[in-house]
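Hi everyone, thanks for coming. Today I'd like to walk you through some charged side chains and who they pair with. Let me put the structure up.

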Amino acid sequence: QVQLVESGGGLVQPGGSLRLSCVASGSIFSMYTMGWYRQAPGKQRDLVADITSGRSTNYVDFVKGRFTISRDNAKNTVYLQMNSLKPEDTAVYYCNARRTSASMTLYDYWGQGTQVTVSS
């Protein structure tokens with residue numbers, strides 16, 4: 001079992017920056033692919049970025065060049081640095097941890113979400 005707690009959301013003006021953090025507990029953090037997803041009102045939850053146990057990163061097109069995902073395995077924490085924020089980035093941001101075991105069991109966990117609002 002993995003527990004995920006996000007923090008760092010808030011209200012920011014367009015063009016501003018925020019750094020989200022997600023602290024994991026309860027299992028071997030370094031084995032998990034960690035991801036950030038977001039969900040705007042009335043829309044589905046979409047992947048923003050993820051980072052594998054080997055630190056390979058993946059970004060969706062609408063955040064490339066603006067957002068950076070990173071992890072600190074010693075602190076069981078994954079970060080999302082968000083720069084040049086736009087109003088359309090407004091959403092609840094969720095942290096996700098997932099891995100597939102050798103027996104092909106999928107382990108998939110979510111945090112409670114943190115609100116990011118980009119507005120002047």
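Let's start with Asp89, which is buried, at a relative accessible area of 0%. Keep in mind that this is a predicted model.

So which side chains meet Asp89 in a salt bridge? One of them is Arg66, with N to O at 2.7 Å. Asp89 sits in the loop between strand 8 and strand 9, and Arg66 in the loop between strand 6 (57-59) and strand 7 (67-72), so this pair ties together parts that are 23 residues apart in sequence. Arg66 is buried too, because its relative accessible area is 10% and the cut-off for buried is under 20%.

Asp89 also forms a salt bridge with Arg38, at 2.9 Å from N to O. Arg38 belongs to strand 4 (residues 33-39), so here the parts being tied together are 51 residues apart in sequence. Arg38 is buried as well. Through shared partners, Arg38, Arg66 and Asp89 end up in one salt-bridge network.

Now for another pair: Asp50 and Arg98 make a salt bridge, and their closest N and O atoms are 3.2 Å apart. This one links distant parts of the chain, with Asp50 in strand 5 (residues 46-51) and Arg98 in strand 9, 48 residues apart. Are these two partners buried or exposed? Asp50 counts as buried, at 8% relative accessibility, while Arg98 counts as partly exposed, at 27%.

To put these pairs in context, a search of the whole structure finds 4 salt bridges.

Notes: Residues are numbered from 1 along each chain as its sequence is written. This is a predicted model: local features need pLDDT of at least 70, side-chain atom pairs count only at pLDDT 80 or more; totals for chains, interfaces and linings use all residues. Side-chain values use heavy atoms; hydrogens and water are left out. Helices (H or I, at least four residues) and strands (E, at least two) are DSSP runs, numbered from the N terminus. Buried means under 20% relative accessible area, exposed over 50%, partly exposed in between (1.4 Å probe, protein chains only).
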